[in-house]
Amino acid sequence: MSILDTGKVCTFSGISGVILFEGKPVSGARVIRTTDFQKKKQDETVTDSEGRFELPPIFERHIVNLLPQEFVVGQLINVSFNDEEFKIWSGVKRKREENAEARGKPLVVVCELTQEDEVINVDRQPFITKCKWDVVPDVKEDIF
């Protein structure tokens, strides 16, 4: 880490993957990513002919990285396809490091738009998603 990285936090790791609809790759779908940390930020891309997409990591600077304060970032990814909007990723990032959503591995996903939402917890970071990625979710604990 250099002096230029002081106060720098990762609010959404780089993400790449494939978007499917009924098991087939979706070409030309808009993938819209939103983060909510200090203020909302949004970027987007379009899937290629094989349904692939890629978005770079998002980093921000904030004094929170220098203080013993809770780090919380809202994350959202919507896909616009055939005049419909699909929420494929909604979560809360609680770790400042890049790739915390996948326990340090690159975040490579396969998302099926017709799949029911699933809740996946990774290091107590909850994600509601239509995507699968290479991560072992937290063990569900009985609260009673």
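Predicted model: local features only at pLDDT ≥ 70, side-chain atom pairs only at ≥ 80, totals over all residues.
Trainee: How are the rings of phenylalanine 21 and phenylalanine 81 placed, stacked, tilted or edge-to-face?

Mentor: A pair of aromatic rings is described by the distance of the centres and the angle of the planes. For phenylalanine 21 and phenylalanine 81 the centres are 5.5 Å apart and the planes stand at 50°. Planes under 30 degrees apart would count as stacked and over 60 as edge-to-face, so this pair is tilted.

Trainee: How many residues apart in sequence are the parts that this pair ties together?

Mentor: Phenylalanine 21 belongs to strand E2, residues 15-21. Phenylalanine 81 belongs to strand E8, residues 73-81. The pair therefore ties together parts whose separation in sequence is 60 residues.

Trainee: Is phenylalanine 81 buried or exposed?

Mentor: Buried means under 20% relative accessible area. Phenylalanine 21, at 25%, is partly exposed. Phenylalanine 81 has a relative accessible area of 15%, so it is buried.

Trainee: What is the arrangement of the rings of phenylalanine 127 and tryptophan 133?

Mentor: Both phenylalanine 127 and tryptophan 133 are buried. Their ring centres are 6.1 Å apart, and the planes stand at 85°. Because over 60 degrees counts as edge-to-face, the pair is edge-to-face.

Trainee: Which residues form one aromatic cluster?

Mentor: The structure holds 7 aromatic pairs. The cluster consists of Phe12, Trp89, Phe127 and Trp133.

Trainee: Which residue has its charged end over the ring of phenylalanine 12?

Mentor: Two such placements can be described. Over the ring of phenylalanine 59 sits the charged end of lysine 8, 4.8 Å from the ring centre. Over the ring of phenylalanine 12, at 5.1 Å from its centre, sits the charged end of arginine 33.

Trainee: What distance separates the C-alpha atoms of valine 9 and lysine 95?

Mentor: Valine 9 is part of strand E1, residues 8-12, and is buried at 1% relative accessibility. Along the chain, valine 9 and lysine 95 are 86 residues apart. Their C-alpha atoms are separated by 8.7 Å.

Trainee: Where is arginine 103 found, and what is its phi?

Mentor: Most residues other than glycine have a negative phi. Arginine 103 has a positive one and is partly exposed, with a relative accessible area of 37%. The residue is found in the loop between strand E9 (84-93) and strand E10 (107-112), and its phi is near 55°.

Trainee: Is arginine 124 buried or exposed?

Mentor: Arginine 124 also has a positive phi, about 65°, without being a glycine. Its place is the loop between strand E11 (118-122) and strand E12 (125-129). With 72% relative accessibility, arginine 124 counts as exposed.

Trainee: Which strands stand at the edges of the open sheet, and why is one side of each left without a neighbour?

Mentor: The sheet has 6 strands in the order E5-E4-E8-E9-E12-E11, paired antiparallel. Neighbouring strands are turned by 15° against each other on average, direction ignored. A strand with a single partner has one side left without a neighbour in the sheet, so the edge strands are E5 (40-46) and E11.

Trainee: What is the bridge partner of tryptophan 89 in E12?

Mentor: E9 and E12 run antiparallel and are joined by 3 bridges. Tryptophan 89 also belongs to the aromatic cluster with Phe12, Phe127 and Trp133. Its bridge partner in E12 is threonine 129.

Methods:
Residues numbered from 1 in each chain as written. Heavy atoms only, no water. Phe/Tyr/Trp six-rings, centres within 6.5 Å; stacked < 30°, edge-to-face > 60°. Helix = DSSP H or I, 4+ residues; strand = E, 2+ residues; numbered from the N terminus. Buried < 20%, exposed > 50% of the residue type's maximum accessible area, 1.4 Å probe, protein only. Lys NZ or Arg CZ within 6 Å of the ring centre and 35° of its normal. Pairing = 2+ DSSP bridges. Axes fitted to C-alpha atoms, helices over the stretch in contact; angles between N-to-C directions.
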